[in-house]
Amino acid sequence: VALCGVGVYQSSQNLNNWRRLDTEKLVKYKRNPNTNMNSKSNLNRKPVQSESGLLGKAEAPLQPHNSEECSSIFLYVTDVIGQYGLGYQLNNYILAVLLASYLNRSIVVLDPPIHGDNHSKFSSNSQFGCPLDDLNNTNYFRSGLGRIIDYPAWLNKGCGVPCIGEHDYSFWHGVAQSKESRRNEVSPDTEHRCIDEDGRNVSVLSIGGDLRHLLMSPKYNVLELARKSPAWVSRIGATQYEARWLANHSQNLSLDSIYDQISALLSRAGVVTFQPWINREVHSFISRFDDVLPKHYVAFNVRRGNELTAEAKYWVDEYWAKQGYNETTQPSNYIPISHYLEQVQNEQESGVLTNVYIATDDQDSIKREIDELSGFSNVSFYMNPDTSPKIHLQSDLECSIRYNRTIAAIADLKILSQSDIFVGEYNSNEGRLVHTARTSFVDGEIGTARQLDMRIAFGPESRGIPGT
């Protein structure tokens, strides 16, 4: 087994110095080669990735602007969940776009104000840190989620923040925060009415918390919406023909197939499009892999951390029970890397398994497991040169460190999305996000949505609504 560092053992380096790491200095770590396994997938096609986005290049849905669009607003307040991980925030943003479409509302994304009082709970007005271009002038950049996401121009239908003469940012944030903290007491879709500057009576749904419970409720049943009210998909880029097609064929489509069509529409519309400075830094970061990580590779997303005590615990216990252990005798509280490798053993003939990229929040234990593997002498493993946990963006970290972690995390997502085979699970936000990114229209139109090869390491076999 070869463990290709790509900076992986640079933990003693200050994270500010990652840009100065030289690929000529990268070290390839060998361990005792007493194993044997070869594998390569015959899947050569990779998703077409936009230089600016994870889900594709932004394409404006073919809809004329209508001033009446601004009478019904879905106001998505990003800072309410700003303390959570990158994958969680990107998935929730996708859900906000979908929910606004279901409700036939124009979505306006509300980030903290750049100027005036610091309304954000994070220094530099964003949980994602300070771009390295100018650490002393973060006002040049967008705040909140907008620090990393370039919201497509078509998204808000030309509408702005409603009723700014009557309500300020603190008001709308407070409404959204209250719904999140009192989720079981207050209906999350309770609207507020106000008078806009042009005298228009505006209905506003201000929300910013976890949207999964709302999207998965019977009230917003996606299958029924697809069958009875297909027009909503036009708000995420579907043509009239495509909306009619979905309505006519939804009776014969599985939920997974419907979700794939929606994922492909989101990809085509470029909902997740990164800001130019983010794209530039991520491209620079990934370019350090060019001479190290081969063109064809398998990618694993091995999420541990706090997931082991929450979403993944049931599946971990089930895995070890099948090996003859109980909860008190199981060797570890996680599923070992060897199980991920088993998911691609049938690909041994083609040789892709000779190169495996591992995105994880626990590199130390992964490296120990690799050292203990047997049967994989021809496999080279690669990891992100940033060894810090990239899943959670701690608000008390120095601004540039948070930014570096953000860049490293987005780089992981792109590398996972572009792999020949992806091995992950739907318990993690990253796994669900990568699945959406790997789904596109084969022939450019609805009905042909396909995902690139994904193997489920453990957990649910079926995916849910994109973003959930």
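Author: Let's take the disulfides as our part, and then follow the chain from them into the helices, the cores and the ring pairs.

Keep in mind that this is a predicted model. The protein has 12 helices and 13 strands, and of its 468 residues, 58% count as buried. Among contacts between residues at least 6 apart in sequence, 80% join residues at least 24 apart.

Now, the bonds themselves. A disulfide is a covalent bond between the sulfur atoms of two cysteines. How many disulfides are there? The count comes to 3.

Start with cysteine 70 and cysteine 159, which are joined with an S to S distance of 2.1 Å. The torsion about their S-S bond is about -95°, so this disulfide is left-handed. Where do the two ends sit? Cysteine 70 is in the loop between strand 2 (28–30) and strand 3 (72–77), while cysteine 159 is in the loop between strand 4 (106–110) and helix 2 (169–181). Cysteine 70 and cysteine 159 are both buried.

Next come cysteine 130 and cysteine 399, with 1.6 Å from S to S. Here the torsion about the S-S bond is about 100°, so the disulfide is right-handed. Cysteine 130 is in the loop between strand 4 and helix 2, and cysteine 399 is in helix 11, 269 residues apart. Cysteine 130 and cysteine 399 are buried too.

That leaves cysteine 163 and cysteine 194, whose sulfur atoms are 1.9 Å apart. With a torsion of about 80° about the S-S bond, this disulfide is right-handed. Cysteine 163 lies in the loop between strand 4 and helix 2 and cysteine 194 lies in strand 5 (residues 192–195), so the bond ties together parts that are 31 residues apart in sequence. Buried or exposed? Cysteine 163 has 1% relative accessibility, so it counts as buried. Cysteine 194 is buried as well, with a relative accessible area of 3%.

If you number the bonded cysteines in sequence order, the pairing reads 1-3, 2-6, 4-5.

Cysteine 399 gave us helix 11, and that takes us to helix 7. Helix 11 (399–417) is included in what covers the buried residues of helix 7. Which residues of helix 7 are buried? They are Trp277, Ile278, Asn279, Glu281, Val282 and Phe285. You can check the length of helix 7 (residues 276–287) too: at 1.5 Å a residue, its 12 residues should span 16 Å, and the end C-alpha atoms are 16 Å apart, which agrees.

Pick out isoleucine 278 from that list. Leaving aside neighbours within four places in sequence, isoleucine 278 is in contact with Arg147, Ile148, Tyr403, Ile407 and Ile410. The largest nonpolar core has 91 residues, and Ile278 is one of those that touch the most other members, along with Phe74, Tyr76, Tyr93, Leu98, Ile107 and Ile149. Helix 1 (residues 86–102) gives the most to this core, with 12 residues. A second, separate core has 26 residues, including Ala312, Ile335, Phe381 and Ile421.

Last stop: the rings. A pair of aromatic rings is described by the distance of the centres and the angle of the planes. The whole structure has 8 aromatic pairs. In one of them, phenylalanine 171 and tryptophan 172 have ring centres 5.0 Å apart and planes at 75°, so the pair is edge-to-face. Phenylalanine 171 counts as partly exposed, at 29% relative accessibility, whereas tryptophan 172 is buried at 0%.

Compare that with phenylalanine 300 and tyrosine 340: their centres are 5.8 Å apart and their planes are at 40°, so the pair is tilted. Phenylalanine 300 lies in strand 7 (residues 298–302) and tyrosine 340 in helix 9 (residues 337–342), so parts 40 residues apart in sequence are tied together. Both phenylalanine 300 and tyrosine 340 are buried.

Two more things to find on your screen. Tyr319, Trp320 and Tyr325 are linked into a cluster by ring pairs. And the charged end of arginine 304 sits over the ring of tyrosine 334, at 3.7 Å from the ring centre.

Conventions
Residues numbered from 1 in each chain as written. Predicted model: local features only at pLDDT ≥ 70, side-chain atom pairs only at ≥ 80, totals over all residues. Heavy atoms only, no water. Phe/Tyr/Trp six-rings, centres within 6.5 Å; stacked < 30°, edge-to-face > 60°. Buried < 20%, exposed > 50% of the residue type's maximum accessible area, 1.4 Å probe, protein only. Helix = DSSP H or I, 4+ residues; strand = E, 2+ residues; numbered from the N terminus. Lys NZ or Arg CZ within 6 Å of the ring centre and 35° of its normal. Expected span 1.5 Å × (residues − 1). Contact = heavy atoms within 4.5 Å. Core = buried A, V, L, I, M, F, W, Y, C linked by side-chain atoms within 4.5 Å. Disulfide = S-S within 2.5 Å.
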